[in-house]
Amino acid sequence: MMTLRKRTATLSTMAWIGLLAWGLTTAGCKPDDSPFKAENEALKKQVTKQESLLSSLQDGNKVMQQQIDLLNQELRDAKKATESAKADMTQLTDQLNAQLAQAKRASAEAVKTAAAQAAQQLRIEEKGAQVETVARPLTAVAKVVEEALAKNGYPVKVSYKNDQKAVYVTERKISNPASLEVAGFRNQYLITLQALPANTTRLGVRAEFEKVAQGSRILSVSQEETAEIERRLIGEIHKALDAQSKT
């Protein structure tokens, strides 16, 4: 009996010793609650924030760089467009100048042709005109001729003038004359000017003179009557030239 009791006591003691040992072991495995853990957590959070901020900055830099690249491309395109526009403008200017030069040449040729055709149509020959030599340069005589025609109501139909020659063909005047003819006449003039040495000018005046009767009938006129009309215009020209000399 004593032996059984001793064994029971021994087992109880060993059980308590085992429970104590398990408790000590469990207490030694608990997590370390030292201050380093909180600091590590704070550092981790700070690193996470820094990484997020850095990522945002990188994204912002990418967007900004894209905007800069786009702006640079637009500037390059604008520069190319400006250079292209300048080139086109230069080309158009050259074409315009060429067309203007061509138009001037064509106009000059047209004036020459028109004067020649008008003279041919009127069948005016110099031998049939009143011709005089005026002691004034061509430019001065031409100006006086233009003024005399305008004064007496003769619009110029065709004119041609250069440094050596001038030709004027008037419209056929049907209205009542201002001073050169009497009512009931109608007339058309061809005036030629030729520059001569010593600042003199050869003046030729030819008239296509007609008398108009009642019913618009055209009456024949004598050569002397036509010559008188031509001399009247020459007299107007001399009168104007003399007035210029006195001023």
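Student: Which residue forms a salt bridge with Lys151?
Tutor: In this predicted model, the partner of Lys151 is Glu236, and their closest N and O atoms are 3.7 Å apart. Lys151 lies in helix α3 and Glu236 in helix α4, so the pair ties together parts that are 85 residues apart in sequence.

Student: Is Glu236 buried or exposed?
Tutor: Glu236 is buried, at a relative accessible area of 14%. Lys151, in contrast, is exposed, at 58%.

Student: How many salt bridges are there by this rule?
Tutor: The count comes to 10.

Student: And what does Arg172 pair with?
Tutor: Arg172 meets the side chain of Glu210 in a salt bridge, at 3.6 Å from N to O. Glu210 belongs to strand β5 and Arg172 to the loop between β3 and β4, so this pair links parts of the chain 38 residues apart. Arg172 counts as partly exposed, with 28% relative accessibility.

Student: Changing topic: how much space lies in the second largest pocket?
Tutor: That pocket holds about 200 Å³. It is lined by 12 residues, and the closest to its centre are Gly128, Arg206, Gln223, Thr226 and Glu230.

Student: Which elements each supply at least two residues of that lining?
Tutor: Strand β5 (200-212) and helix α4 (223-246) do. By type, the lining divides into four nonpolar, four polar and four charged residues.

Technical notes
Residues numbered from 1 in each chain as written. Predicted model: local features only at pLDDT ≥ 70, side-chain atom pairs only at ≥ 80, totals over all residues. Heavy atoms only, no water. 1 Å grid on protein atoms, 1.4 Å probe; cavity = no way out; pocket = protein on both sides within 12 Å on 5 of 7 lines; lining within 4 Å. Points joined across faces, edges and corners; volume = space filled by probe spheres on them. Helix = DSSP H or I, 4+ residues; strand = E, 2+ residues; numbered from the N terminus. Nonpolar A, V, L, I, M, F, W, Y, C, P; charged D, E, K, R; others polar. Salt bridge = Lys/Arg side-chain N within 4 Å of Asp/Glu carboxyl O. Buried < 20%, exposed > 50% of the residue type's maximum accessible area, 1.4 Å probe, protein only.
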